[in-house]
Amino acid sequence: MPLRTEDLPHVDPAGLAGMIDPATTALVVVDIQVDFAAPQGLLGRYGVDLSPASAAIDNCEKLVAAARGAGATVALMRVVTSPETDSRALKTLMARRGQPGGEAICRIADGGADYYRIFPEPGDIEIAKLLYDSFHGTDFDAQLRARGIQTLVICGLSTDCCVDQTARSAFHHDYDVFLVSDASAAYEPGLHESSLSAMEKNCVLLTTTRAVEQAWARGADA
């Protein structure tokens, strides 16, 4: 029987508000950008089914609104590349797979790296990264610590890649990590669910968009 997201362990919504205090929590929105999510982006042009991503972005938009309303920090991640910044290891990996040049995604020059649907506002953290992990080679950790952030609520694309690696790295950097299961997505059947299951077993607590909205609404009303 296929693994279903709703069958995975999720935090009891009744206790969530005390765990994601807006004063010490950042909402981390991973890679909602043209090449990963827009019909005119690279994946869209290759015919990848973007409907799971679109549904996840719907919920990411709700989470951003809830975070802003509650006063939580919003942090937007993006992959931003040029031919000069391509990793040697990535180029070698793609070439050995018989896909030379397959790493050319989220380019600055062609707009593939641009934000899509969710855009920064003054006071947000913005991180430009070259690969998957939002902490690697960036000042993300320093910016979070400067704001007194202890907890991260993570959403975005894709569950099996940049969301996964950012969540694991966050845990290794000693943050409390929540992953919003219905506000992230993968592009192949089963990858989303299997990735959530692996992370839940090792480094994150799972929650839902509605539970986070309710928790932050209570904080905003307090």
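1. One aromatic cluster is formed by Phe 135, Phe 140 and Tyr 175. Rings of Phe, Tyr and Trp (its six-membered ring) pair if their centres lie within 6.5 Å; planes under 30 degrees apart count as stacked, over 60 as edge-to-face and the rest as tilted. The model is predicted, so local features need pLDDT of at least 70 and side-chain atom pairs count only at pLDDT 80 or more, whereas totals for chains, interfaces and linings use all residues. Residues are numbered from 1 along each chain as its sequence is written, and side-chain values use heavy atoms, with hydrogens and water left out.

2. Leaving aside neighbours within four places in sequence, Phe 140 is in contact (heavy atoms within 4.5 Å) with residues including Val 28, Met 77, Ile 127 and Phe 135.

3. A search of the whole structure finds zero disulfides (pairs of cysteine sulfur atoms within 2.5 Å). The sulfur of Cys 155 has its closest cysteine sulfur in Cys 60, at 3.5 Å, which is too far for a bond. For Cys 162, the closest is the sulfur of Cys 161, at 4.1 Å, again too far for a bond. Cys 155 is buried (under 20% relative accessible area, with exposed over 50% and partly exposed in between; 1.4 Å probe, protein chains only), at 0%.
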